[in-house]
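Biologist: I would like a close look at one strand and its partners, followed by a walk through some other parts. Please keep the terms plain.

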Amino acid sequence: MQDEPLSLATLLRHAMTAKADSEVTTWTGSEVRRMTYAEVGRQSGRLANALRALGVEQTDRVATFMWNNNEHFVAYAAVPAMGCVLHALNIRLFPEQLTYVANHAQDKVVIVDGSLVPLFGPLLPALRSVQHVIVANGDPSALEAPAGVTVHGYDELLGTQSEEFDFPVVDERMAAAMCYTSGTTGEPKGVAYSHRSSVLHSMQVCTTDGMALSERDRALVIVPMFHANAWGIPYAALMSGASLLMPDRFLQPAPLLEMMAAEQPTFAAAVPTIWTGVLGQLAAHPQDITHLREVIIGGSAVPPSMMKAFDEEHGVRVVHAWGMTETSPLGSVAHPPARSSGDAEWEYRISQGQFGASVQARLLDDEGNVVPHDGESLGELEVKGPWIASSYYSPDDTAVEPEKFHDGWLRTGDVGRITPNGYLTLVDRSKDVIKSGGEWISSVDLENAVMALPGVVEAAVIGVPDDAWDERPLVAVVLGEHANADAEALRTALADRFAKWQLPEHWAFIDEVPKTSVGKFNKKALRAQYADGQLDVVELEGPTPR
Ligand code: ADP
C-alpha cells in the first residue's frame, strides 16, 4: 500500500471541492453570516498567503482568541494546512493563565475577534513571542500595539491576497494544532495534535458509532473551539462535509434556541451545564427541537434525568461521550448494544460508553495491578491509541508531569469500572472521590440522584473534612425558582438509593454552582468556598461514628 501521509491539507482540499456547497454559518444575534466550503477554501488561501507575507513559517504557532464563528473555522482550516500550528486560546482563562499559555506555546500571531479586543488588549504587552495581531470582525485601531507588535485588520490584510495557495503535504507526525487543559489542577498543560492523529480522530468522529457526522448534518457547535478543538467536530466537518452552525458569543439558552429555530440543526454538542439551561428555557418557552437527530453531551457526567427529559419531553436523543483534551478528545461514546432494550439499554446509555476500535483501555487499582473488566472492579482508567497524547507539550523538551504517562499509557485520573463488553462507567475523578471511613462515595452518583429530584436544577457534591470519618459528602444545591425542598426532605428522597452511611448530612443551598472556563462544575472553587466559610451549610445528623 502507498505510504501516503495523513494531512489536514487533504481534508481542506476535499471540503472545498467535493463538499463545496456545505456551509458554515455564524449567528449574529438576529441573523446569519453564511460561507460555503468553497469560500472557506478561498479564504483559507488568502489567510495562508497573508500569514506567509507576515513571515510566518512552518511549525510557527498561530493562535486564535475567538468565539466559534466563520473566521475561526477558516483559521482552523488554513493554519494546519499551511504547515503551521493552530493554537486556540481559551478566552475564559484568568489573565495570568492566558499569558502563561501564549508564552509557553510561543505564539507568533494571534487572530482576535473584535468583540474580544477589550479582554485581549491588556494581555498583549505580556505576550513575549507575539509579533502580529489580526483583528477580525472589528476595528483594529481599537487595539493599542506595544513596541514590536503590528496590528492588522483581517479584511484589509486578506483583501489584497490571492486565494491560491499551494497547501503542502507535511510529515504526518508534525503538530497541526494544540490545546491547553483548563488548568483546574496546576498550570494549564499543552497537548499537541499531529496531522496523523487529527485525521484518524476525524474518521472516528464520523463513524456511525462515533458522532455519525455526514454531509446531511447541520452541526451546532456550542462546545468552544478552544475546548479540545471543539471535540474534533470542525475537522470531522471538513472530512464529511457536515455543515456547521456557529453560535459566536450568543451562548445563553434563549439565543441558542432562537438560532435552533431559525437554522434547524440536526446535531449539537456541548457540556451538561449548557443543556441544563436549555431545558429550563424550553420548560418556560416550549419549542419543537425534534430537528436534532442527536445531541452529544460530555466533558462531565450527564445526569440521567437530563437524558430522560430530552428523550421523553422533547423527543431528542442524547448521546453520552467521554474524553479529555489529552485524548483529542473522543475516547468513548455511549451507543447501546443493538440487542439491548428497556432498563438494560438505559444502563448502557447513561454509562460513559464504549471505546472506539483504536483506543485501548485498562483499569489499575491503588497498587498498580490491572483489574478485570467485570463491570464491578473499580480502578483508575488508563488509555492508549493513535489520538491519545504521549506527553505534554514542552518548548524545551523537559518533561511536563511525566508521571501521567507510563508504559505507553495515559493516566486519566478518572476512576471507574468497565463491563466485559467494554462499556465504561466512571464513578469520579480520583481527586473528587469522597473517602468516608475507608470506603468510597461517588460524588457523581450522589449528584445524579439529587439532580433527578423535583425542583433541583443543579447539584454538586464535594468531600469535606470530618474527624470521625476523614471525609463526608456536602451537597451544594441550586433549586428552581418556585421549589422549596429542604435538606431533610431531599435526603429522605435519596434513602432508597444509597446505603445509610453514604447519605449526606451537609447541605448548602446556593444560587449557582461555580463553573470552570469550559463550563464544568468547579469543585475546587466550591471546596475553597466551604473552607472560607462562605457556604451557609444546613447540618443534619450524620452516621453514628463507629
Ligand atoms: P479539564 O481537565 O481542564 O476539565 P478536559 O475537558 O480535558 O478539561 O477534562 C477531561 C476530564 O473531564 C476527564 O478526565 C473526566 O474527568 C471529565 N469528563 C469528560 N467527559 C466525561 C463524562 N462523560 N463523564 C464524566 N466525566 C467526564
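Biologist: How many bridges join strand β17 to strand β19 (residues 379–384)?

Modeller: Some ground rules come before the answer. This is a predicted model, in which local features need pLDDT of at least 70 and side-chain atom pairs count only at pLDDT 80 or more, while totals for chains, interfaces and linings use all residues. Residues are numbered from 1 along each chain as its sequence is written, and side-chain values use heavy atoms, with hydrogens and water left out.

Five bridges join β17 to β19, and the two strands run antiparallel. Strands here are DSSP runs of E with at least two residues, helices are runs of H or I with at least four, and both are numbered from the N terminus. Two strands pair if DSSP finds at least two bridges between them. Within this pairing, Arg362 stands opposite Glu382 in β19.

Strand β17 covers residues 360–364, and four of its five residues are buried. Buried means under 20% relative accessible area, exposed means over 50%, and partly exposed lies in between (1.4 Å probe, protein chains only). β17 also pairs with strand β18 (residues 370–371), in the antiparallel sense, over two bridges. There, Leu364 stands opposite Val370. β17 and β18 make a hairpin with five residues between them, and Gly368 in the turn has a positive phi of about 85°.

Strand β1 (residues 23–27) is largely enclosed by the rest of the structure, because four of its five residues are buried. With strand β2 (residues 32–36), β1 pairs over five bridges in the antiparallel sense, and Thr25 has Arg34 of β2 as its bridge partner. Four residues lie between these strands, and Gly29 in this hairpin takes a positive phi near 105°. β1 also pairs with strand β11 (residues 243–246), in the parallel sense, over three bridges. Here the bridge partner of Thr26 is Met246.

Helix α9 (residues 233–240) is mostly covered, with eight of its eight residues buried. Among them are Ile233, Tyr235 and Leu238. After α9 comes Gly241, which has a positive phi near 85°.

Next, the aromatic rings. Rings of Phe, Tyr and Trp (its six-membered ring) pair if their centres lie within 6.5 Å; planes under 30 degrees apart count as stacked, over 60 as edge-to-face and the rest as tilted. By this rule there are eight aromatic pairs. One of them is Phe165 with Phe167: the ring centres are 4.9 Å apart and the planes stand at 45°, so the pair is tilted. Phe165 has a relative accessible area of 13% and is therefore buried, and Phe167 is buried at 6%. Trp322 and Phe355 form an edge-to-face pair, because their planes are at 75°, with centres 6.2 Å apart. This pair links distant parts of the chain, since Trp322 is in strand β14 and Phe355 is in strand β16 (residues 353–355), 33 residues apart. Trp322 counts as buried at 7% relative accessibility, and Phe355 counts as buried at 15%.

A residue is near a molecule if one of its heavy atoms lies within 4 Å of it. Of the 18 residues around the ligand, Ser182, Ala321, Thr325, Asp414 and Arg429 come nearest. By class, the shell has five nonpolar, ten polar and three charged residues. Ala, Val, Leu, Ile, Met, Phe, Trp, Tyr, Cys and Pro count as nonpolar, Asp, Glu, Lys and Arg as charged, and the others, Gly among them, as polar.

A polar side-chain atom of Ser182 lies 2.3 Å from a ligand oxygen. For Thr325, a polar backbone atom is 2.7 Å from an oxygen atom of the ligand. Arg429 has a polar side-chain atom 2.7 Å from a ligand oxygen. The protein covers 92% of the 570 Å² of accessible area that the ligand has on its own, with areas from the Shrake-Rupley method and a 1.4 Å probe; for residues, only the protein chains shown count as cover.

How values were computed. Polar contact = N/O pair within 3.5 Å; in protein donor to acceptor, adjacent residues only side chain to side chain.
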